[in-house]
Amino acid sequence: MHLRLLSVVVLLCSAVPASAGELRIYPSPVKLSGPNRTQQLLVVSEENGRVVKDYTASAKFSVNDEKIAKVSPSGVVTAVSNGGVMLLVTLDGRPTPVEVKVSGFEKAIEWSFRNHVVPVLTRAACNSGACHGALAGKGGMKLSLRGFDPESDWFVLTRQALARRVDQTKPADSLLLKKAAKLMPHGGGTRITEGDDNYSLLLDWIKSGGHGPRDADTQLERIEVFPKAALLKPKDKIRVIARAIYSDGTTEDVTRWAKFTSSEDLVAGVSEDGAITVTGSGEAAIIVNFGTKVTTLSVTVPFPNKVDAAAFARPAGTSYIDDLILKKLELLRLPPAGNCTDAEFVRRAFLDTCGILPPVEEAKAFLSDKDPKKREKLIDKLLERPEFADYWAYRWSDLLLVSSRRLQQPAMWAFYRKIRQSVADNQPWDKFARGILTASGSSLSDGGGNFFVLHKDVSALAEATAITFLGTNIGCAKCHNHPLEKWTQDEYWAFANLFSRVGLKNGDRAGEVLVQSRLDGDALHLRKGVAMPPMPLDGKPLALDAANDRRAYFADWLTAPNNPFFAKAAVNRIWRNYMGRGLVEAEDDLRVSNPASNPELLDALADDFVKNRFDVKLLMRKILLSAAYQRSSQPLPANAADDRFYSRYLVRRLPAEVILDAYSDLTGVPTAFNQIKSAAGDSATAVTTYPPGTRAMQLPDSLLLSRFLEAFGRADRIGTCSCERTADASVTQALHLNNGVTLNDKLRDKQSVVGKWLDMKLSDAEIVDRVFAAALTRDPTAAEKKKFAALLAESAKDGPQSRREGIEDFVWAVLTGREFFFNH
């Protein structure tokens, strides 16, 4: 067949979407740019855009003109000369044409130090933190970590050590080759093998003059991976191909230099050469790093369950949230749990939305209500309760580090009141963020200005802003390119320079700082010592001499509807509060190399959030109304292993403040907050600011002394990180509950509800009913009621004091039990 006709056939075929079981060859067409360039082919079967089997090892490859390109039996295409050639991939006797285009032979093409030599050194781990990329280097040679500074690396290799590392007169005697191949003693062992592709590349580079980085070098723009998604079975194997796309439009197979890692080795592992082996059920992201770029592919392995398709039918009245969750569950063959009971829902919704247990009478009214829309009505009421403002002001105060640790009391109160009022007013999230980031004037009049008082150092301010409002940590890029993400050191300092003109001046009042935007001042690059043009992450740079207010420029970019980070960071935090796990976990670790468990859902939530003008309450309402939120927490045998796809409600321990407030409410004895710690934590001072009845969830300051809150994981508000708050069990917690004063003293107090029950002469059965209703929002079972009533009756035999102690012990047992401590 004529070559041109075959080309048309190939292009037409490539435009047809893959159907079930359709054969695909990647990449197609093949483009090779210059001598020595190769491309591995991947022959696969696809279903609905996901690879289901790799046939590369079984396929036969041939070309009709080996003067232009050759192909090996394993499917590696090698450029020979300029031109076009048709390659045939034959599987089970069925040939499939692939177009191959070769160019670049008309000009001398050398191996690039930036694009080839550094990747070889990185793949061989020569510039890793454990070797020559260490802070002090190794064996007298210091390279930049993972090659983030090619200019200095070239100088070290070619100019230091009397130029013996790269020997232009006798290239084969270069220490770079002899040590890496261990042809002479080398503490790092064998990193390359004499004669292999990497050895040959380095040798050819040295022979051609060992040139360093040049301004004319093509720049790496992105990398792509084949396949993009796979749907496999346990023990399946598939290879990965990584291809780099450069600024001049050329592409190159960089699989041999890329770094491959798996997010879930228990689902799918990956070798250093990109060979994936399925090890279990679930979903894993295979992360591919090359140069400063990163991308991922998803490997989905359905669970070995037989589930009726009816289980994945969309419940009536639900939204896109359930459509996308059910779509994922069906793909993974994870059956969704049934609906939670009304008693479970009312307790769950009160705790997740307001941080309080449902008052007994309100819970009873809800449970007896026959209105089919009662859950929807309850949600609307919860979103308007004052406790809602307390709870979410506390959550955002954790995020923004509201504390007297670095703020004087008036400033701390101003910041807290700013946050709480914003929550109470349901201020759109974009307006809330803009108000903080562009705050000017007195930090007491505009409490948002204290964000800048807390982060006076420009690097600390840039990093805190990225975590708070973008949900991503760029801190690693301060000193070198980010090891897990695409951010470079240059991008870090360009981002930091957006905040270099924030001026702070002490005001006349205690704690007052005047915040203003200065007309000059730049943050200098840590390594280069120069100012980078101010630029948001993946945004457009602002000229260094521009008169624009840099904070306003950043806020405009941040709150733009098409910002790729801002809305996702917010919805992920809110989603985690209600669903127990973020779509991206941890909630402040959004990055390409840490993909969402349901990317479609995260995108849809963010788009909806933007479409509805960043309405926080509306977002919460939609989550609360979803069938996913209202599922039972009881696992089915077929979904017990699921901890991230929302086939059931994820059980989690209540926050420390919620537990403490519940103890106060249930015992009738409020907690006194009458001491505040010093910033160093080595002393405490009496305070009278917080009247009796103040709830833990109403505290603006994390330095208020509470041994209970400290034991149960209150955030210290020292650094911007979700990791500050913990829910892990500890011996300290057990000792505090058994021997501490918090709960025990509340039960023994003269004003305790226990004394009131005794005065009311309640029967043992009535006391059991009241404790279960208040603490667990349910009636005791017949067996529970009989058991606990008998124990109370037994304690009464030794007199009134013994009966009181028996009641106290019973209440203590319920309030320290798993059912109380967890939201379910």
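**Ground rules.** I am working on a predicted model, where local features need pLDDT of at least 70, side-chain atom pairs count only at pLDDT 80 or more, and totals for chains, interfaces and linings use all residues. Residues are numbered from 1 along each chain as its sequence is written, and side-chain values use heavy atoms, with hydrogens and water left out.

**Cavities.** I noted the meaning first: on a 1 Å grid over the protein atoms alone, a cavity is a set of points where a 1.4 Å probe fits but cannot get out, and lining residues have an atom within 4 Å of a point. Volume is the space filled by probe spheres set on the points, with grid points joined across faces, edges and corners. My count is two cavities of 30 Å³ or more.

For sorting, Ala, Val, Leu, Ile, Met, Phe, Trp, Tyr, Cys and Pro are nonpolar, Asp, Glu, Lys and Arg are charged, and the others, Gly among them, are polar.

The second largest cavity has a volume of about 40 Å³. Among its lining residues I found Glu-387, Asp-390, Asp-661 and Arg-695, and the lining divides into three nonpolar, two polar and four charged.

**Helix H3.** Next I checked residues 150-159, where Pro-150, Asp-153, Val-156, Leu-157 and Thr-158 are buried (under 20% relative accessible area, 1.4 Å probe, protein chains only). These buried residues pack against helix H2 (113-123), helix H4 (175-180) and helix H5 (197-207), with contact meaning heavy atoms within 4.5 Å. Just after H3, I spotted Ala-161 with a positive phi of about 55°.

**A sheet.** Last, I traced an open sheet of three strands, in the order S11-S14-S15 with antiparallel pairing. Strands pair if DSSP finds at least two bridges between them. Strand S11 (220-226) and strand S15 (251-253) are the edges, each pairing on one side only. Which residue of S15 is the bridge partner of Ile-245? I found Thr-251 there. Three bridges join strand S14 (residues 241-246) to S15.

Notes: Buried < 20%, exposed > 50% of the residue type's maximum accessible area, 1.4 Å probe, protein only. Helix = DSSP H or I, 4+ residues; strand = E, 2+ residues; numbered from the N terminus. 1 Å grid on protein atoms, 1.4 Å probe; cavity = no way out; pocket = protein on both sides within 12 Å on 5 of 7 lines; lining within 4 Å.
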